[in-house]
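Here is a short briefing on one protein model. Read it with the structure open.

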Amino acid sequence: MASEQMKPVALLLLVLNLIMYIIVLGIGSWAMNRAIDHGFIIGPGYDLPAHFSPIFFPMGNAATGFFVTFSLIAGVVGVASAIVGLNHIRSWHSDSMPSAVSTAAIAWALTLLAMGFASKEIELSIRNSRLRTMEAFMIILSATQLLYIAAIHGASSSRRT
């Protein structure tokens, strides 16, 4: 009985996470595109700048490159986790639960890593509004992804009794 009560909660959290991961991918793709278009120009006759970094972003601060890179990775894995999670919620059977929980846990771990870089970026200041939005989404996603994992585990433990 409690298992069926957790299904709408898990679905709500899953849809919320999917939308937020897609938004993170959109903002992260914009930041990566801008960094590629407006980064260092290296060609014949040009020397590398004194403080060259392959993860240089013209907007933001020193943590921006790492934050955007890991946010993109977390976003892609988060969307994949949501796809697997939708399959699990559709069937809502114990056979599909391990794959849904494992991909959600990997997405959560990568989200926590990106959230760590987000907190470093907040500490260093000097960032634009899009990066602030992406930081907020990563911080919120670290909590909602954990709640989603807890909702699936709560349903699985009540099914076994």
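Buried means a relative accessible area under 20%, exposed means over 50%, and partly exposed lies in between. At 2% relative accessibility, E135 therefore counts as buried. The model is a predicted one. Its protein chain holds four helices and zero strands.

**Overall layout**

- From the N terminus on, the elements run α-α-α-α.
- The protein chain has 161 residues, and 37% of them are buried.
- Take the contacts in the chain with a separation of 6 or more: residues 24 or more positions apart account for 81% of them.
- The chain exposes about 8700 Å². Carbon and sulfur atoms supply 69% of that area.

**Salt bridges**

- How many salt bridges does the count come to? The count comes to two.
- In general terms, side chains of opposite charge can pair when their charged atoms come close.
- E135 forms a salt bridge with R127. The closest N and O atoms of E135 and R127 are 2.8 Å apart.
- Is R127 buried or exposed? R127 has a relative accessible area of 18%, so R127 is buried. E135, at 2%, is buried as well.
- E123 forms a salt bridge with K120, and here the closest N and O atoms are 3.4 Å apart.
- E123 and K120 both belong to helix 3, which spans residues 97-124. They are three residues apart, so about one helical turn separates them.
- E123 is exposed because its relative accessibility is 57%. K120 has a relative accessible area of 37%, so K120 is partly exposed.

**Aromatic pairs**

- The count of aromatic pairs comes to two.
- F66 and F117 form a stacked pair, because their ring centres are 5.7 Å apart and their planes are at 20 degrees.
- Which parts does this pair tie together? F66 lies in helix 2 and F117 in helix 3, so the pair ties together parts that are 51 residues apart in sequence.
- F66 has a relative accessible area of 37%, so F66 is partly exposed. F117 also counts as partly exposed, at 23% relative accessibility.
- F70 and F117 form a stacked aromatic pair too. The distance is 5.3 Å centre to centre, with 15 degrees between the planes.
- This pair links distant parts of the chain: F70 is in helix 2, F117 is in helix 3, and 47 residues separate them.
- F70 is partly exposed, because its relative accessible area is 24%.
- Ring pairs link F66, F70 and F117 into a cluster.

**Charge over a ring**

- Where does the charged end of R130 sit? The charged end of R130 sits over the ring of W30. The distance to the ring centre is 4.4 Å.

**T64**

- T64 is placed in helix 2, which covers residues 64-91.
- T64 has 0% relative accessibility, so T64 counts as buried.
- What does the side chain of T64 make a polar contact with? The partner is the side chain of E121, at 2.5 Å.
- Setting aside neighbours within four places in sequence, T64 is in contact with F57, M59, E121 and L131.

**T144**

- T144 is found in helix 4, and this helix covers residues 129-160.
- Is T144 buried or exposed? T144 is buried, because its relative accessible area is 9%.
- The side chain of T144 makes a polar contact with the side chain of N17, at 2.6 Å.
- T144 touches L13, L16 and N17, not counting residues up to four places away in sequence.

How values were computed: Residues numbered from 1 in each chain as written. Predicted model: local features only at pLDDT ≥ 70, side-chain atom pairs only at ≥ 80, totals over all residues. Heavy atoms only, no water. Helix = DSSP H or I, 4+ residues; strand = E, 2+ residues; numbered from the N terminus. Buried < 20%, exposed > 50% of the residue type's maximum accessible area, 1.4 Å probe, protein only. Polar contact = N/O pair within 3.5 Å; in protein donor to acceptor, adjacent residues only side chain to side chain. Contact = heavy atoms within 4.5 Å. Salt bridge = Lys/Arg side-chain N within 4 Å of Asp/Glu carboxyl O. Areas by Shrake-Rupley, 256 points an atom, 1.4 Å probe, with all protein chains shown as cover. Phe/Tyr/Trp six-rings, centres within 6.5 Å; stacked < 30°, edge-to-face > 60°. Lys NZ or Arg CZ within 6 Å of the ring centre and 35° of its normal.
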